[in-house]
Amino acid sequence: MINVWDYTNARRLKIIDIDGKEYVGSLVCVMDAEENGEEEDDITIQINDDTYIGFLQSKIARIDIVQ
């Protein structure tokens, strides 16, 4: 399982979910399970002005830092 806390200082990320879909965006936040009300930590990125996407750790296949 991906440790989303390894990416707290990244600016832009490419996240590939377990279905193989790719998302590129700016890091918004990393939250632990107690904060997000889920059973695991998550990471949220902003794709564009109107779109924010959150990913639970178990739904992430890979994360790359984008320069």
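These legends go with close-up views of a predicted model.

**View 1. The nonpolar core.** Let's start inside. The largest nonpolar core here has 13 residues. Those with the most contacts inside it are Tyr7, Leu13, Ile15, Ile43, Phe55, Ile60 and Ile63. Who supplies them? At least two residues of this core come from each of β1 (12-17), β2 (22-31), β3 (42-48) and β5 (60-66).

**View 2. Ile63 and the residues it touches.** Now zoom in on one member of that core, Ile63. Leaving aside residues up to four places away in sequence, Ile63 touches Ile2, Tyr7, Leu13, Lys14 and Ile15. Look back at the core list and you'll spot Tyr7, Leu13 and Ile15 there too, among the residues with the most contacts.

**View 3. β2 next to β3.** Here two strands pair up: β2 and β3 run in the antiparallel sense, with five bridges between them.

**View 4. β3, a hairpin and β4.** Follow the chain along β3 and you reach a hairpin, where two residues join β3 to β4. Strand β4 covers residues 51-56, and β3 pairs with it in the antiparallel sense over six bridges.

**View 5. The salt bridge.** A search of the whole structure turns up one salt bridge. Which side chains meet in it? They belong to Arg62 and Asp64, and the N to O distance is 3.0 Å. Arg62 has a relative accessible area of 48%, so it counts as partly exposed.

Terms used
Residues numbered from 1 in each chain as written. Predicted model: local features only at pLDDT ≥ 70, side-chain atom pairs only at ≥ 80, totals over all residues. Heavy atoms only, no water. Salt bridge = Lys/Arg side-chain N within 4 Å of Asp/Glu carboxyl O. Buried < 20%, exposed > 50% of the residue type's maximum accessible area, 1.4 Å probe, protein only. Core = buried A, V, L, I, M, F, W, Y, C linked by side-chain atoms within 4.5 Å. Helix = DSSP H or I, 4+ residues; strand = E, 2+ residues; numbered from the N terminus. Contact = heavy atoms within 4.5 Å. Pairing = 2+ DSSP bridges.
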